[in-house]
Amino acid sequence: MDQQTLSLLVVGATFALYIGIAIWARAGSTSEFYVAGRGVNPIANGMATAADWMSAASFISMAGLIAFLGFTGGAYLMGWTGGYVLMALLLAPYLRKFGKFTVPEFIGDRFYSKVARVVAVVSLLAMSITYVIGQMRGVGIAFSNILEVPLAIGLLSGMAVVFIYAVLGGMKGITYTQIAQYVIMIFAYTVPAVFISLTLTGQVFPQIGLGSTLQGQDTYLLEALDQTMVDLGFTMYTATEGGMSMLNMFLLTMALMIGTAGLPHVIIRFFTVPRVRDARKSAGWALVFIGILYTTAPAVGAMAIWNLVNTVHPGEIGTEEGHLAYEDKPAWMERWEQTGLLAFEDKNEDGRMQYYNEDNEEFAAMAEEEYGWEGSEIVTLDRDIMVLANPEIAGLPGWVIALVAAGGIAAALSTAAGLLLAISSAISHDLLKGVFMPRISEKNELLAGRIAMAGAILFAGYLGLNPPGFAAEVVALAFGLAAASLFPTLMMGIFMKKMNKEGAIAGMLVGLVTTLLYIFTYKGWFFFSGTAMLPDTEEYWLFGVNPTGFGAIGAVFNFVAAYIVMKLTKEPPQHIQELVESVRVPRTDNPS
């Protein structure tokens, strides 16, 4: 059986499982559609939350970014894991006690204002649609690899699957689907990592293998990787400089942390459990399930780049034997070439492949003079393919390759479904029912929610073809928007009883607008290509701040604007202040 057939069988079996679960758990009421009837077990909810949160950015893209950024790529790892802890400690139990369906509903009721609710919906839509773009890109990459077709066709295939099971099932169907997806995802991520770690270092656990010596040698893996990267004109893999400045590393980490804590599609998961204490248990279990993948990611990234470089340069660099002949290209390279995400060009026409840092002028000049190189011949190498290609690069069995493909799709689909539900509930429940059509029937509300989901799929799919960055970078932009708009408002809504509606509205608007303007300036208006006002390079960034980390600054603007306006306007009503005090006492078994 060839690899494509095997991958299609494995992925097809998982799809049958997902769609079967969606049909079995089909939502029949708004409570089941939005919060699964508030009857999900905490352990099951923790697993579903982990799947919801560990998106294509985590599974497909994060290790790829770490592989190419090295040390500074750890900002993604620290930001996302640290942010989940913030959410679990500062937000989850309090929001569950409030007992509403959605984040905008909490903001609207807490700040006794329909305007605040509408602004929260706009913030949620801006964040969620940006996030879905990254997921759709991940879906497209995974499908294009399996089907061996261009990215556009792979993306359309993925959109069709998302539409079937996300629109049909609602939160009830999505919850149980995500449990299955987590199991598939974690096996798909850890099994090849264990195989590769055993092959390279003899260690079963990749986390230990990352800090171990190479099999049969006295040289540590990271030391050998550092030397190999330097030999090819790159900075050392473990160097603190190179990938991004320390300022941007700090800002990105902060934006991801507080952005994680403000993600509506993850927060809504804590509304699905019966009691407040179950929300806290769910948070703890989710952290355990998340940690399994996140502690493995650094090893996956390092081993992926090591295997790639040693495939292209199997011997001493500069010698004929040290460079892969084009006629000997492994099958995985040819498959990825068909997707357009990997491309080669024999620039010096020697029939052998060279991969090095041609942007290092000193090294490039030396390589041309001594070796006759005329430029790096891997002209396209999308970072998002590294995890999916890793088992193929390492020569692992076909079933492992198929498992990884299924896991990548599960990661993208699980988060896409959660985001689409957040978008759906924001439009149908918060805008239509909460503001414009309060007497809408439950049937029409569900219909409106499903139509909103379908529209979001189409829009995100279109932008997924021309995204403003790699999957993890696009997701980082979404986290920045959540950090600048929703997180500060949620925090002030819970812990500042005197924060009024005027302050909350002003803060959300200032944080959202400043962050959006900064991102659009460099990434293009509404992410459409060709509309950026300035090049997205460090010399053009304001004070050298990368757009992916600007959300941390937007959050500060939010807090400052809200506080100033609060001081200039009247206090909230007494019953709202008493409500805030009651919400801050999470230790209760009251199911509401």
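Helices (H or I, at least four residues) and strands (E, at least two) are DSSP runs, numbered from the N terminus. The model is predicted: local features need pLDDT of at least 70, side-chain atom pairs count only at pLDDT 80 or more, and totals for chains, interfaces and linings use all residues. Residues are numbered from 1 along each chain as its sequence is written, and side-chain values use heavy atoms, without hydrogens and water.

**View A. Helix H5 crosses helix H11.** The axes of H5 (residues 74-98) and H11 (residues 246-261) come within 7 Å and cross at roughly 35 degrees. Axes are lines fitted to C-alpha atoms, for helices over the stretch in contact; angles run from 0 to 180 degrees between N-to-C directions. The crossing is right-handed (near helix turned clockwise from the far one by less than a right angle). Contact (heavy atoms within 4.5 Å) involves residues including Gly 79, Gly 82 and Gly 83 of H5 and Leu 252, Leu 256 and Thr 260 of H11.

View B. H21 gives the largest share, 3 residues. Met 533 sits in the loop between H21 and helix H22 (550-568).

**View C. Lys 347 forms a salt bridge with Glu 358.** The closest N and O atoms are 3.5 Å apart. A salt bridge is a side-chain nitrogen of Lys or Arg within 4 Å of a carboxyl oxygen of Asp or Glu. By this rule the count is 6 salt bridges.
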